[in-house]
Structures are given as C-alpha cells and as structure tokens.
Amino acid sequence: MSDRKIQIDVLTLDSVQCAACGYMMEAIAALPEDVQQMIDYKEWSIKTKAGIGKFTELKGKVLPTICIERDLVFPSRIPQYEELIDEMAKRAPDKAMSERLLSLRDKGFQFDKVQENLQKAGAGLSTRQS
Amino acid sequence: MAKQLLIDAFRGKKTSRAPWFPYAGVNCAFHINEKAEDFLKDPALIAKGVSTTAKLYRADGIPLLFDLSVEANAVGCDLKWWADNVPSVSTHPCSGMQTPAQLGLKVPTKESGRWPVIMEAGRQTKPLLDAMDCAMVGLHCGPLTLASHLAGVRIFTDIYKNKPFAHEVLKFCSEVIAASAQFYVDMGCEIIGIVDPVASQVKAESFEEFVTPYVQDSIKVIHAAGGTSIYLICGDCTKVMKNVCTIGTHGFAIDEQLNLNYVRDMARKHGVGFGGHLKLTMALSLGLISPREDAIASLASGGTEGFVLAPGCDLPYDVSAESMGQVLEAMDWYAENYPAYPETED
C-alpha cells in the first residue's frame, strides 16, 4: 500500500464560529483511527489570507466544502460516513489503499480522539485561546 | 433606530427604509475591550457591550446573544471557551447512539446551564435598548444544529441510516428550543430567531423531515406571545430555500453565499420577510471588498418590502467600528439618493 496519504482540505468560514464548518471538520476528525492513518487534512479558514488563497487555488464555490485530492467533493453538504469513505477510496493513490478504505465502510465515526485530531488539522488556529 | 420598522420588515411589510439588524454577538465584547469568554459569563458586561454596540451601529435591533452553544451546554455538553470567539461544543452525549431519554437528559429550566446569566443580562439590557428604540432580539439554537451538538457529526448519517434515533434526538431538541423561546418571551424580546446554520447542509427532503417539524413548538411559543419569528440559516441554502420560506416563521435570514435577488423574489412569493447579507470576511473583516459598496449592493437588491439589512452571519469578534461605519455611511447615502418608492408611504 502506498505511503502517500490522501490529502483533504476543508474550506471554512471558521470551524469555531460556524457550526456547519465545525461539523464538516468533525466529519474528518471523527473518522476511525485506521482511516486517520491514510489521510492528511487541514482546515482553511477564509478569515485568513492563506485561506482565501486556498479557496481560490481550489476554485471553491461555497463554504464549507470538503475537498479530497483537490476535488470539491462535498460543497455545502455534510457527508454521511459511508459517502466519505467511498469518495476517499475513489481517489486513493493505489488499489490496496482503496480496498483497505472500503473494508472500513461499516466502522462508523468514532469520537474519542476528535478534539486531538481537530487540533492537528489546525481547527481553531485563527482563534485565540481564552 | 426604529424597532417597529424591523418588526414590520420581518413580517414582509413595506417600510420607509430598510431596517438594520447587525448580529453583533461577541463583536460587542470587542467594542468594550473584553474577551469573549468574560463577556459571555457576566450579565453586566453583556448589557454594557450590547447597548454600546447598538448605539455605535445605530441598530434597529440587536441580538442579546449570538451563541449556539447555550442550549447544548444547558443539557450537558461541555464547552471550549475562546478569547475572541463563541464557545464551541466539545462533547456529544448522544454520539454513542443513546437517546436523550436513555441518558436522562432534561429540558432546561431558567436555572440550567448559563440561563441564569442570560436571564439577568436580558433584564439589564432591555431597558437600555428600549430607550434607543432598538429591539432586543432573542436568538436560540435551531433543532438540527442542537442535534449535531448532542450526537456529533453522526446525526448527518443517522438521518438516513438510523431514522428512529435521529427523530428521538430531534424531538428532544424541539422541546429544548421551545423552552428557550419561552425564556426569551419572558425577557420581553419582540423578535425571536431560530438559528440553524447546519440545516443548509442537508437535502430538501431531509430538511422537511428533520427540521420543519421540529421548529413548530418554538414558533407556537413565539406566536402565542404575539412575537415576530425568524429563521436564520447559513451556508449555501439554495437547495432548501423553498423549505425555509415555508417553515412557518414570519421571516428568515440568509448568508452572503446566496444571490439576494433570488432570495428576495422567493421571500415575496411566499409573503415573508428576509434579511441579509453583508459579506463577513471579504468586506467587514478583511476589507478586500469595500463594506460601503457591499452594503449598497444589498440595499439595492433588497429594496423596502420585507427586507432587513443584516450581516451574512454573526459578526466576527474584531470587526472594527470603521468597517461598520462604512455600512452606516452606505445606508445614509442610499436613503438620500434612493428614497423608498412613493407607494410605500401608505
């Protein structure tokens, strides 16, 4: 199986301020650990100039949007777990990873590491800790 | 500042000018040099911040709070606090697919969670706003957003795969938000809004099954008290626009991602008021687009029949008085150069 991870970019207003953006981020952060090992993801808040740059680069149309391997896959629609797995599998770098992902289709979201995963993805970085 | 204009516009009526409803939220804390967390925990700071900002922005109405974590926290969700933002919900009690009944969750009272602070804030703020003829608007969380807080992101899968569970959660949310509506009625809010940002993220059929039925209890409470009801939604809600127009509230508000001409035509077709949709980031926060030009474009599209000028969503913490000053300048310029059509003066 390829060492290369699937790149996921989440275009948001700000996952702290905007609930829809927050749950788009959580859709990725709550993927089970086996899936986490196959993906890299990052929040791009349009409240920052870097976020505006990424929105433009990926030709974003609406906020929030989940982009997988630079494709605008879920524009303004929070996906079901299985839909996310299927769309990642379609864009996996090789067949082995695609099959591995599809084998995790019945696992479902897991919430024990959500906060830790959100932090790794840069969620809330445009916001100051109290 | 004219409270009645705001009420009339949200009820779809013609007005002598488009009323102005800035959802200032934690931006009120910024204007009194306080951290968002400190502001939200202190009734006196809320009263000071909201009244100061209402005056600064010459608002016809202003929310007491714009914080969608209140209901979730009152039923047991933990919060993460921020210095320059609203708190975020960090735990989801129903995420293991246990229903609120199985978990023993209770509909909040005025003593639950942060409600004592909010009730006291309302008591202090109302007379200050009344003196300026500015409406104190109560905003509570919408059902699908509250369900997301309770169950986490799995609710968006459950509305397809585990419908009985999703309905159980939403039914409880309906009762919780009806209680919130009653609290705001008791505070004297003339306008009460149901804020459901994630409802734009589902299909129209799901909206009809999992949103529309679960706002009705809240709407009944508001209307029974003679209040004006609004439904606020964020994101690209084009696919559910008809559902929003027919949800049963007097009016609704949308964000900057929609075409305001389309929204206006839909609202007028259904005889409801509509609010929107200044650009939060590009214009008001970052100034990449002129806030003045942006406001003029909204005023021109919205007109003076059922239209309320408002931001696309709650204002970010550090939006400056200068940016908002440009919006006020646009309103003055527009009123001077494009007065309401004579037929509105009946």
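Colleague: What is the strand order of the open sheet in chain B, and how do its strands pair?

Modeller: In this predicted model, the open sheet of chain B holds seven strands in the order β1-β4-β5-β6-β7-β8-β9, with parallel pairing.

Colleague: What makes β1 and β9 of chain B stand at the edges?

Modeller: β1 (61–63) and β9 (307–311) of chain B each have a single partner strand, so one side of each lacks a neighbour in the sheet. Between neighbouring strands of this sheet, the average turn is 25 degrees, direction ignored.

Colleague: Why is α10(B) called roughly parallel to α12(B)?

Modeller: The axes of helix α10 (residues 163–187) and helix α12 (residues 212–224) of chain B cross at roughly 15 degrees and come within 7 Å. Angles under 35 degrees count as roughly parallel, and therefore α10(B) is roughly parallel to α12(B). The crossing of α10(B) past α12(B) is right-handed.

Colleague: Which residues of α10(B) and α12(B) meet?

Modeller: Those in α10(B) include Leu170(B), Ile177(B), Ala181(B) and Val185(B), and those in α12(B) include Tyr214(B), Val221(B) and Ile222(B). The residues of this contact between α10(B) and α12(B) comprise nine nonpolar, three polar and two charged.

Note on methods: Residues are numbered from 1 along each chain as its sequence is written. Chains are lettered from A and ligands numbered from 1 in the order in which they are written. This is a predicted model: local features need pLDDT of at least 70, side-chain atom pairs count only at pLDDT 80 or more; totals for chains, interfaces and linings use all residues. Two strands pair if DSSP finds at least two bridges between them. Helices (H or I, at least four residues) and strands (E, at least two) are DSSP runs, numbered from the N terminus. Axes are lines fitted to C-alpha atoms, for helices over the stretch in contact, and angles run from 0 to 180 degrees between N-to-C directions. Angles under 35 degrees count as roughly parallel, over 145 as roughly antiparallel, 65 to 115 as roughly perpendicular and the rest as oblique. A crossing is left-handed if the near helix is turned anticlockwise from the far one by less than a right angle, and right-handed if clockwise. Two residues are in contact if their C-beta atoms, placed from the backbone, lie within 7 Å. Ala, Val, Leu, Ile, Met, Phe, Trp, Tyr, Cys and Pro count as nonpolar, Asp, Glu, Lys and Arg as charged, and the others, Gly among them, as polar.
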